[in-house]
Amino acid sequence: MNLDFSFYNWDLISNFVLKGLYFSLMVTLVATIGGVLFGTVLALMRLSGRKWLDVPATIYVNGMRSIPLVMVILWFFQIGRASCRERV
């Protein structure tokens with residue numbers, strides 16, 4: 001088996017692979033921090049005992065629980081595509 005890997009060079013790796021890795025790690029970090037903060041706020045709203053805080057948090061949590069993750073990903077993809085189309 002004689003494979004030719006001559007097209008791999010440092011420019012290719014630094015311009016695409018490392019930048020993509022950095023972007024992926026930053027998106028993961030921001031999503032994790034945002035999810036923990038948003039989840040904490042929702043949990044505190046539900047535990048507050050005040051109806052005006054408890055009801056919206058309960059509706060959001062139960063609503064998100066009943067929607068498949070694939071649908072949420074599709075919605076965000078469509079929103080992102082539509083916002084990019086408006087900029088051009």
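Tutor: Let us begin with Leu18, which is placed in helix H1, residues 10-47. Please bear in mind that the model is a predicted one.

Student: Why is Leu18 called partly exposed?

Tutor: The relative accessibility of Leu18 is 38%. A residue is buried under 20% and exposed over 50%, with partly exposed in between. Leu18 therefore counts as partly exposed.

Student: Why is Phe5 called exposed?

Tutor: Phe5 has a relative accessibility of 51%, and the term exposed requires over 50%. Phe5 therefore counts as exposed. Its place is the segment before H1. From Phe5 to Leu25, 20 residues apart along the chain, the C-alpha separation is 27 Å.

Student: How do you know that Ser6 is exposed, and where does Ser6 lie?

Tutor: Ser6 also belongs to the segment before H1.

Student: What makes Leu44 buried or exposed?

Tutor: Leu44, a residue of helix H1, reaches 55% relative accessibility. Since exposed means over 50%, Leu44 counts as exposed. Leu44 and Asp54, 10 residues apart in sequence, have C-alpha atoms 8.8 Å apart in space.

Student: Turning to the whole chain, what is its secondary structure?

Tutor: The chain has 3 helices and 0 strands, and its pattern along the sequence is α-α-α.

Student: Why is the chain called more spread out than a compact globule?

Tutor: The globule rule gives 12 Å for 88 residues, whereas the radius of gyration of the chain is 21 Å; that is well over the rule, so the chain is more spread out than a compact globule. The C-alpha trace spans about 65 × 30 × 30 Å along its principal axes.

Student: How much of the chain counts as buried, and what is its accessible surface?

Tutor: Of the 88 residues, 5% count as buried, the term that applies under 20% relative accessible area. The accessible surface comes to about 8000 Å², and carbon and sulfur atoms account for 72% of that surface.

Technical notes: Residues are numbered from 1 along each chain as its sequence is written. This is a predicted model: local features need pLDDT of at least 70, side-chain atom pairs count only at pLDDT 80 or more; totals for chains, interfaces and linings use all residues. Side-chain values use heavy atoms; hydrogens and water are left out. Helices (H or I, at least four residues) and strands (E, at least two) are DSSP runs, numbered from the N terminus. Buried means under 20% relative accessible area, exposed over 50%, partly exposed in between (1.4 Å probe, protein chains only). The radius of gyration is taken over C-alpha atoms; the globule rule is 2.2 Å times the number of residues to the power 0.38. Accessible areas come from the Shrake-Rupley method with a 1.4 Å probe; for residues, only the protein chains shown count as cover.
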